[in-house]
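Let's take a friendly walk through one protein model. Have a look at the sequence and the 3D view first, and then we'll go through some details together.

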Amino acid sequence: MLTLYFAGAISGGRDDVDLYREIIAALEREGHRVRAGAVAAEHVTASGEALESRAIFDRDLGWIAECDIVVAEVSKPSIGVGYEIATARYHRGIPVICLYRPAHTSRCTAMVSGDRGIELIEYADLPELLPRLSSALAKYTTARPGLPPR
């Protein structure tokens, strides 16, 4: 079992919240612990949570620090998701898997697609995504003895 931080757009729009919930539920069914904050919460709108910005910032960065891997849905551009990805990769050394639907935007940002250290999974729908995401995560649960998953 891995502890995952799931990132997705909130302020950038909530059109994908049902997709986020389905991805998170699938990850939890596989036995992973998923920290997602407000990204999958039904009551949260594009205006965000009813918490102070500092509380959200501290909570989410704490969850990133505790996770084994960040999984980020990047089809909907989001400054916050980009910040979380960069924090995981360059501040914490935590692996990042990004999920992207090419039909959703004209292209994935080069800051994600150009980063050789990010595993980018392009997909059209959930049935295509889930087995590929499981395979990507399996690499971190089958690390050689004595080596941490990161």
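Start with C67: this cysteine is buried, with a relative accessible area of 0%. Here, buried means under 20% relative accessible area, exposed means over 50%, and partly exposed is in between, using a 1.4 Å probe and protein chains only. C108 also counts as buried, at 9% relative accessibility.

What about disulfides? A disulfide is a covalent bond between the sulfur atoms of two cysteines. In practice, a pair of cysteine sulfur atoms has to be within 2.5 Å to count as one. A search of the whole structure turns up 0 disulfides. C108 is in none, and the nearest cysteine sulfur, that of C98, sits 6.9 Å away.

A word on where this comes from: the model is predicted, local features need pLDDT of at least 70, side-chain atom pairs count only at pLDDT 80 or more, and totals for chains, interfaces and linings use all residues. Residues are numbered from 1 along each chain as its sequence is written, and side-chain values use heavy atoms, with hydrogens and water left out.

**The overall layout**

The protein has 5 helices and 5 strands. These are DSSP runs numbered from the N terminus, with helices (H or I) of at least four residues and strands (E) of at least two. Reading from the N terminus, the order is β-α-β-α-β-α-β-α-β-α. Of the 150 residues, 44% count as buried. Now take contacts (heavy atoms within 4.5 Å). Among those between residues at least 6 apart in sequence, 67% join residues at least 24 apart.

**A loop to look at**

Which loop holds D16? D16 is in the one between β1 (3-7) and α1 (17-29). It is buried, with a relative accessible area of 5%. Leaving aside neighbours within four places in sequence, D16 is in contact with K76, R101 and H104.

A9 lies in the loop between β1 and α1 too, and A9 counts as buried at 0% relative accessibility. A9 and V74 are 65 residues apart along the chain, and their C-alpha atoms are separated by 7.7 Å.

**Two helix pairs**

Now for some crossing helices. The axes in the table are lines fitted to C-alpha atoms, over the stretch in contact for helices, and angles run from 0 to 180 degrees between N-to-C directions.

| Helix pair | Axes come within | Crossing angle |
|---|---|---|
| α2 (residues 53-66) and α3 (residues 79-92) | 10 Å | roughly 45° |
| α1 and α5 (residues 126-141) | 11 Å | roughly 45° |

That angle makes α1 oblique to α5. Under 35 degrees counts as roughly parallel, over 145 as roughly antiparallel, 65 to 115 as roughly perpendicular, and the rest as oblique.

Which residues of α1 and α5 meet? L19, E22, I23, A26 and L27 in α1 touch L126, L129, L130, L133 and L137 in α5. By class, this contact has 9 nonpolar, no polar and 1 charged residues. Ala, Val, Leu, Ile, Met, Phe, Trp, Tyr, Cys and Pro count as nonpolar, Asp, Glu, Lys and Arg as charged, and the others, Gly among them, as polar.

Over at the α2 and α3 pair, the crossing is right-handed. F57, D60, L61, I64 and A65 in α2 meet Y83, E84, T87, A88 and R92 in α3. The residues of this contact divide into 6 nonpolar, 1 polar and 3 charged.

Conventions: A crossing is left-handed if the near helix is turned anticlockwise from the far one by less than a right angle, and right-handed if clockwise.
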